[in-house]
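Thanks for taking a look at this one with me.

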Amino acid sequence: MIEPGDHRETTLFVRADVAAVAVARLVVEVTAPDIATPLAFNILITNGVAAGIVTIPAGSSRTITLHAFDAGGVETHRGSVIVTIRAGTNPTIALVLAPLAGDAPINATLGSFVVTVTPAADTLSIAATATLTATIVDASGSPVADRVVWATLDPGVATVASTGDRTAQVTAVRPGGTTVIASFGGSGGTSAIIVSAIPTLQLIATGLAQPLYVTQPPTDTSRLFILEKPGRIRVIRNDTLLATPFLDITSLVATGGEQGLLGIAFHPNYANNGQFFIDYTDLAGDIQVVRYTVSTDPDIASPGSAQTILSVSHPTYTNHNGGLVRFGLDGYLYIGVGDGGGEGDPSGNAQSTTVLLGKLLRIDVDGVSPYGIPADNPFVSLAPARPEIWAYGLRNPWRFSFDRATGALYIADVGQDLWEEVDVQPGASGGGQNYGWNVLEGNHCFNPLTDCNTVGLVPPVLEYSHGVNDANGCSITGGYVYRGTRLPALVGHYFYGDYCGGWVRSFRYLNGAIQDQRDYPQFGTLLALTSFGEDTRGELYITTWYGNVWRIVPALPTSPAPVTTTQSRR
Ligand SMILES: [Ca+2]
């Protein structure tokens with residue numbers, strides 16, 4: 001590992017104004033217990049200013065003595081200081097040279113250099129090159145035309161090669177991030193290099209039965225858990241689908257329309273307690289959130305461990321069950337619940353705080369059984385409002401997620417016939433938001449269709465129209481804020497898609513605004529895009545109704561054909 005200060009010597013810039021004194025030559029002498037022969041440096045004087053460079057081994061107890069001489073070679077001034085010189089940037093040393101015979105004193109400084117690299121940051125595609133330029137400025141602010149040494153913290157991501165005294169060429173190798181450093185005199189300047197590749201899809205499993213979710217237990221990096229809508233949890237280990245399901249509750253699950261096994265959340269402490277929580281519609285159509293535990297076989301859950309945590313009556317319609325369960329960064333379990341179905345929320349559930357339909361709920365599964373209410377839930381002391389409610393005015397929050405870096409909550413709320421939307425609340429939100437349904441569909445009055453009262457309603461940060469004949473889409477599938485490492489240029493992008501449109505898009509939500517919107521035509525059309533998923537490392541997945549599980553990966557250049565030699569290898 002090379003670091004900016006990783007040098008045994010440090011170069012300092014010496015400067016003294018000698019215009020007012022009769023001095024013709026300045027000598028810097030350096031002694032120390034570990035320096036056998038004293039070092040001496042002649043500093044040139046030009047136009048009344050002594051300026052030059054000295055190189056001093058790092059270490060403690062360096063005695064630096066400045067001697068001034070007149071034109072006749074007689075010493076006129078002397079000043080001394082004992083300092084520690086460290087590898088890297090040192091604070092400026094001030095030194096006074098006292099006159100030896102009736103002259104004015106001389107003020108001198110010994111200071112570090114500042115190295116700056118431009119550009120300070122750059123993003124490159126694989127195999128692309130870029131030129132970096134370093135500038136060196138001494139402690140008096142004057143440029144120094146000397147040679148820098150270049151290094152890169154991760155040559156696997158990008159290499160660097162000197163092309164001149166203060167220029168270098170960076171070559172991008174593989175996706176990731178590295179820091180390129182130009183060093184001089186113990187000081188370093190840096191440029192943050194990101195190597196990006198366009199994302200593409202890697203098919204990692206096929207032939208699943210209506211897969212609609214992908215996740216990974218905390219700390220697990222080898223197994224993905226896939227939900228099959230009819231009621232099975234499947235395991236993909238190292239990209240191989242295991243034949244035996246982790247759990248099969250098909251006999252318990254109603255699967256009409258939007259019903260099925262809809263969500264799973266592994267407990268944040270799953271590695272120790274083996275607990276996970278699933279959300280499904282039971283044979284009566286009601287929503288069940290149930291705790292299970294893993295068996296002694298890590299690839300098999302214990303069917304007998306089932307403990308019902310929360311039930312929500314949902315008897316009338318098969319649609320709008322919500323269905324996702326997910327732990328927030330606060331350790332509480334969040335549950336998305338649809339408005340009860342039908343069209344237009346005929347019972348007005350979403351706007352009623354006395355029912356759990358049309359809500360995002362937040363409960364504590366670690367205290368009292370079957371669950372506790374976090375003391376800071378927004379409706380905790382507002383009876384008859386249900387204290388489980390975190391946010392309301394939702395139609396069918398099929399998929400929501402937390403930005404693992406910021407805690408921000410992204411809810412993709414499926415619209416009625418015209419508008420799909422994404423709602424975002426910051427990580428510091430206290431909850432209690434009313435996201436508008438069924439008064440609003442997106443930003444548009446729904447009930448009533450005109451002159452609706454929008455006071456207190458939180459609009460979406462993004463909406464899109466279905467378009468004529470649903471040409472743009474018909475049902476949003478929410479995803480995740482990308483926090484992985486394989487596609488560094490997309491870090492911070494929220495990915496989402498449309499079930500009918502089969503497209504994937506992303507945006508960044510910064511400072512209260514949608515920015516940097518992108519689409520991904522190279523993914524093709526993912527018809528019946530049921531869900532996104534996120535693994536422990538922050539990489540993202542996509543499932544489609546027709547049985548496929550995809551991973552979003554960087555598109556790497558095609559490797560050249562292997563050269564046939566005695567040492568050729570794949
Ligand atoms: Ca809304």
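How far apart do the C-alpha centres of domain 2 and domain 3 lie? Keep that in mind as you read; point 2 takes it up.

1. **What you are looking at.** Please remember that this is a predicted model. The protein has 44 strands and 1 helix. Its radius of gyration is 33 Å, well over the 25 Å that the globule rule gives for 570 residues, so the protein is more spread out than a compact globule. Along the principal axes, the C-alpha trace spans about 110 × 70 × 50 Å.

2. **Domains.** The protein is divided into domain 1 (9–111), domain 2 (114–196) and domain 3 (201–554). To answer the opening question, the C-alpha centres of domain 2 and domain 3 are 43 Å apart. Their contact takes 6 residues from domain 2 and 6 residues from domain 3. On the domain 2 side, β16 (176–184) and β17 (187–196) each supply at least two residues. By class, that side of domain 2 has 4 polar, 2 nonpolar and no charged residues.

3. **Cores.** Which residues touch the most other members of the largest nonpolar core? They are I264, F277, L333 and L361, in a core of 92 residues.

4. Across the 570 residues of the protein, 42% are buried. Taking contacts between residues at least 6 apart in sequence, 56% join residues at least 24 apart.

5. Strand β42 (residues 529–534) is mostly covered, with 6 of its 6 residues buried. β42 runs antiparallel to strand β43 (residues 540–544), and 5 bridges join the two. As a landmark, L529 has T544 in β43 as its bridge partner. The two strands form a hairpin with 5 residues between them, and G538 in the turn has a positive phi of about 90°.

6. **Another hairpin to compare.** Strand β26 (residues 287–294) pairs with strand β27 (residues 301–312) in the antiparallel sense over 7 bridges. How many residues sit between β26 and β27 in their hairpin? There are 6. To find your place in this pairing, look for T293, which stands opposite S302 in β27.

Technical notes
Residues are numbered from 1 along each chain as its sequence is written. This is a predicted model: local features need pLDDT of at least 70, side-chain atom pairs count only at pLDDT 80 or more; totals for chains, interfaces and linings use all residues. A nonpolar core is a set of buried Ala, Val, Leu, Ile, Met, Phe, Trp, Tyr and Cys residues joined through C-beta atoms within 7 Å. A residue is buried if 20 or more other C-beta atoms lie within 10 Å of its own, exposed if 12 or fewer, and partly exposed in between; C-beta atoms are placed from the backbone. Helices (H or I, at least four residues) and strands (E, at least two) are DSSP runs, numbered from the N terminus. Two strands pair if DSSP finds at least two bridges between them. Domain bounds come from an automatic or database domain assignment. Two residues are in contact if their C-beta atoms, placed from the backbone, lie within 7 Å. Ala, Val, Leu, Ile, Met, Phe, Trp, Tyr, Cys and Pro count as nonpolar, Asp, Glu, Lys and Arg as charged, and the others, Gly among them, as polar. The radius of gyration is taken over C-alpha atoms; the globule rule is 2.2 Å times the number of residues to the power 0.38.
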